[in-house]
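Subject: Handing over a structure, with notes

Dear colleague,

I am passing on to you the structure shown just below, and I would be grateful if you could look through it with my notes beside you. The notes begin with a question and then go from one part to the next.

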Amino acid sequence: MPKQLQDRWPHLLAIMLLLLSLGPTPVPRMIVARYYVAQTASEHSQYAKALAAYEDILLFCPLLTSLHVSAAQNALAAGKPEKALEHLEAANSHNPADHSLACLRANTLLAQGNLQGAKQIWQEAKTECPGTLSNLRNLAQIHFRNGQQQDAQDAWSTLVDFNPLDPEGQLQLGMLTATQSPEQALAHLRLADDLYPEGSPIARDLIQTIEDSRVTNQPAFTLAQVGQAFTRYEEWQFSKWAFRKALDLESTYIEALAYLGLVLDLSGEDGLETLNAAASAAPNELLPHLFLAMHWLSHNQPEQALHALEKAANLAPDDPTVAALLGDAYADLGDYQSARSAYLRATELSPQEPKFWLILANYSLDHKIEIETLGLPAARNAVALDPIDPASKDALGYAYYLLGNFPLAERILHQSIELDPQRAITQYHLGLLRLAQDDFPGAYSAFQTAIHLDPDGLAGTLSARTLAHLEP
């Protein structure tokens, strides 16, 4: 039961007893019955039902004006702020001196998205209302999900006005401010990093990014760097806002335009138009062609990707990333010899970079091509260059599984899981190993874990398919 209802219980009970004393007429009994329904429904979080019961009572006995408050509370809890305001207006008209309703009215306005109206009530009431912080947090998150940047920023700003030591509030306000005015975000980001018990990696990264880039005295460049920092943490909405602000300041900023197209793709939108615009505006710039190739590869259009990569290779013939993407395009086209050559070329251009060895290893393992002579050595090199990378450990363990060395495969796959227990594809590989060892309960457990971690992804799909064949 909401606290306000508990506070008013003695008064409401007195009304009920008075009604009972009026005699055996049909109306009071109906009122008592509906009041019981309202109380029971509210206690069981059936707020819409409780609201309907209170409105029934008020229809028969409009003089019970105090019930408008209970109706308003339940209407707000039921997600009907307009109906709550109606009852609050009715309650206020009968007792305009009752200032205890201020918090309820403020929370109702907040539920409607009327932050300014709620702030005015808080300022006039000069008191902290119960639930204010959680309501502000919910409002800010709703605005953020709807892409309403300024409204989200206003909500977080109001929250930190109430509680300056709220770490999430300071971090979110700092991140939002960084997408528009990076230097003004520094105070919020530093405070957020101090307030979190173990600090905030993204706050520290943003602080370093802003401080390093502001020496150039080029605001658009700083915003683009901030956008890239958000991209590293897969904070796509923040990235988009930062890149768009950079382009507002400098419309010919090709790198910002290219990154905006990439982020649109990564966030589930379509970045093709933006990427084409970047490539058309700067045909001799590498990034737009690279990102175009990634767009086409992600949309299963390897021919289009190859066309973009050929332009990129002409611009940067010794770029290992171009070589690796060429390998992806050739592999998707079924030209495995060219794919092999391209992947090897990437490792030759950057032999100390583990990710290119891992790409080569996964190519061999995924296509079951030259596992012993190509995949295994590549996976070993990846692990040697980055011993704590779970993906490299997974590739090496999977290679040993495919070669039939089950004890070594098991040991290395467990190392990968220890490094990243949430890595679903490693659980799938462990399930395959358990099947090969005739450990069916262990296989079932690993496959179920993969499905739980990645229900709609590759690992979950493969695990579910394998289990479907096993269960009969």
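How many salt bridges does a search of the whole structure find? The search finds twelve, where a salt bridge is a side-chain nitrogen of Lys or Arg within 4 Å of a carboxyl oxygen of Asp or Glu.

Before the details, please keep in mind that this is a predicted model, in which local features need pLDDT of at least 70 and side-chain atom pairs count only at pLDDT 80 or more, while totals for chains, interfaces and linings use all residues. Residues are numbered from 1 along each chain as its sequence is written, and side-chain values use heavy atoms, with hydrogens and water left out.

One of the salt bridges joins Asp 166 to Arg 137, with the closest N and O atoms 2.9 Å apart. This pair links distant parts of the chain, since Asp 166 sits in the loop between helix H9 (149-162) and helix H10 (167-178), whereas Arg 137 belongs to helix H8 (residues 132-145), 29 residues apart. Helices here are DSSP runs (H or I, at least four residues), numbered from the N terminus. Asp 166 and Arg 137 are both buried, a word that stands for under 20% relative accessible area, with exposed meaning over 50% and partly exposed in between (1.4 Å probe, protein chains only). Together with Glu 168, these two residues are linked in a network of salt bridges.

Arg 434 lies in helix H25 and Glu 410 in helix H24, so the pair ties together parts that are 24 residues apart in sequence. Arg 434 is buried, at a relative accessible area of 12%, while Glu 410 counts as partly exposed at 24% relative accessibility. The side chain of Arg 434 also meets that of Asp 439 in a salt bridge (3.7 Å, N to O), and Asp 439, at 28% relative accessibility, counts as partly exposed.

Helix H25 (residues 424-436) is mostly covered, with eleven of its 13 residues buried; among them are Tyr 428, His 429 and Leu 432. What covers these buried residues includes helix H23 (390-402), H24 (406-419), H26 (440-453) and H27 (458-470), through contacts, that is, heavy atoms within 4.5 Å.

In H24, the buried residues are Ala 409, Ile 412, Leu 413, Ser 416 and Ile 417. Seen down the axis of H24, they fall within an arc of 150 degrees (taken from the directions from the helix axis to the C-beta atoms), so they line one face of the helix. The face turned away from that buried side carries the exposed residues Pro 407 and Glu 418. What covers the buried residues of H24 includes H23 and H25.

Not counting residues up to four places away in sequence, Leu 206 touches Met 175, Leu 189, Val 226, Ala 229 and Phe 230.

With best wishes

How values were computed: Helix = DSSP H or I, 4+ residues; strand = E, 2+ residues; numbered from the N terminus.
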